[in-house]
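Here's a quick tour of a protein model with a ligand in it.

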Amino acid sequence: MKYDVLILGGGPAGLAAALYAKRAGVSVLVLERSIYGGQVTNTPTVENYPGILNISGVDLAMALYEQVTGLGIEVRLEEPVSYQLDAPAKAVATARGLYEAKAVIVANGVKRRTLGCPGEERLAGRGVSYCATCDGAFFQGAEVAIVGGGNTALEDALFLSNNCAAVHLIHRRDQFRGSSILAEAVKKRQNIHLHLNSVVEEITGEEKVAGARLRDVTTGEETRLELSGVFVAVGLAPDNAAFAGQLALDGAGYIQAGEDCRTNLAGVFAAGDTRTKEVRQIITAAADGAVAALGAANYVNSLE
Ligand code: NAP
């Protein structure tokens, strides 16, 4: 199947790109490998998207998806298995078929980081979770921990504290990376207990999570918490190993592309969290989608 523009990823960057590419008059296919909306679906509440006072991440993802499919844009839930980006005719293969395009927009987002401590992998899905929005309801009235100091950890701590008996927020430094407005809200919640300058040495439990062993990085002192759940929110990492050798990546593994979203390859653009950038937010991902789509449409038109 041949398209003008093939978009890899159905998060805010990819879906915004689809919207703009369609409106620019080129044919478009979006391939998403797991869930429409990307990381947004892990966010309980979005309150910083201009013009929208308050919306859940899942509802925002659904609205984006419906807006795109409502325009007749084809969106397929398929995982790419191989890429040919460094030739004039681009091609992406999935288990179901081969998709060819004149231009490609890589909007594959990022993946979640893990703690790497003993017990984490073994107890994943058995009390260890990476998504408070998805799994929080299983811990009604329970005592849980959340690890991290960014906006995700702060938002998740607030979200979990609505239904859990107690939430232990464990962060490796004494300053939060997340916004001060969220940090202040967290400090005011009676049932959120802060463990600053602390790291998780081990998540304990046989069949399911029973607790965690923490170490204070300043004193070396160890403490143990009895817990039913441990939520890990220690940030995101690029997921671009499959493009190495074709697309230029920066030292951290993000696709090298500036504000124009152009990569080292003609006709290949990178949009959203996947590219080198300072601010990774929904609005900057959506903005990238628009820029990349118009760049790709111009590129396609220049071939004719
Ligand atoms: P993040 O901002 O990168 O924060 C990750 C946190 O995890 C940091 O506090 C970091 O500690 C800690 N950390 C990293 N590796 C660790 C490890 N191995 N062990 C223990 N702690 C570790 O990630 P995020 O909170 O997922 O947010 C990702 C992006 O989405 C950010 O740009 C964020 O602003 C954005 N976001 C925005 C909103 C919003 O605006 N409402 C909501 C959610 C996410 P250090 O601080 O010491 O580095």
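What follows covers the overall fold, the ligand's surroundings and a handful of residues.

Before we start, note that this is a predicted model, where local features need pLDDT of at least 70, side-chain atom pairs count only at pLDDT 80 or more, and totals for chains, interfaces and linings use all residues. Residues are numbered from 1 along each chain as its sequence is written, and side-chain values use heavy atoms, with hydrogens and water left out.

**The whole chain**

The protein chain has six helices and 17 strands; helices (H or I, at least four residues) and strands (E, at least two) are DSSP runs, numbered from the N terminus. Its radius of gyration is 21 Å, close to the 19 Å that the globule rule gives for 304 residues, so the chain is as compact as a globular protein of that length. That radius is taken over C-alpha atoms, and the rule is 2.2 Å times the number of residues to the power 0.38. Along the principal axes, the C-alpha atoms fill a box of roughly 65 × 40 × 35 Å.

Of the 304 residues, 51% are buried. Here buried means under 20% relative accessible area, exposed means over 50%, and partly exposed is in between (1.4 Å probe, protein chains only). The chain exposes about 14300 Å², with carbon and sulfur atoms supplying 50% of that. Accessible areas come from the Shrake-Rupley method with a 1.4 Å probe, and for residues only the protein chains shown count as cover. As for contacts (heavy atoms within 4.5 Å), residues 24 or more positions apart account for 59% of those with a separation of 6 or more.

**Around the ligand**

Which residues come nearest to the ligand? Of the 19 around it, they are Asn48, Thr152, Glu155, Arg173 and Arg177; a residue is near a molecule if one of its heavy atoms lies within 4 Å of it. By class, this shell has four nonpolar, nine polar and six charged residues. Ala, Val, Leu, Ile, Met, Phe, Trp, Tyr, Cys and Pro count as nonpolar, Asp, Glu, Lys and Arg as charged, and the others, Gly among them, as polar. Helix H4 (residues 151-161) supplies the largest share of the shell, three residues.

Oxygen atoms of the ligand pair up with N or O atoms of the protein as listed here:

| Residue | Part of the residue | Distance to a ligand oxygen |
|---|---|---|
| Gly149 | backbone N or O atom | 3.1 Å |
| Asn151 | side-chain N or O atom | 3.0 Å |
| Arg177 | side-chain N or O atom | 2.7 Å |

The protein covers 78% of the 910 Å² of accessible area that the ligand has on its own.

His195 lies in strand E11 (residues 192-195) and is buried, at 18% relative accessible area. Its side chain makes a polar contact with the side chain of His168 at 2.8 Å. Such a contact is a pair of N or O atoms within 3.5 Å; within protein, one must be able to donate a hydrogen and the other to accept it, and residues adjacent in sequence count only if both atoms are side-chain atoms. Not counting residues up to four places away in sequence, His195 touches His168, Leu169, Ile170, His171, Leu214 and Leu225.

In the loop between E11 and strand E12 (198-204) sits Asn197, whose phi is near 50°, a positive value in a residue other than glycine. Ser198, in strand E12, is buried at 9% relative accessibility. The side chain of Ser198 reaches the backbone oxygen of Leu196 at 2.9 Å.

Leaving aside neighbours within four places in sequence, the contacts of Leu236 include Gln39, Val110 and Tyr254.

Ala257 is in the loop between strand E16 (236-238) and strand E17 (268-270), and is buried at 10% relative accessible area. Ala257 and Ala270 are 13 residues apart in sequence, and 6.4 Å apart in space, C-alpha to C-alpha. Cys261 is also found between E16 and E17. Cys261 counts as buried at 0% relative accessibility, and has a positive phi of about 65° although it is not a glycine.
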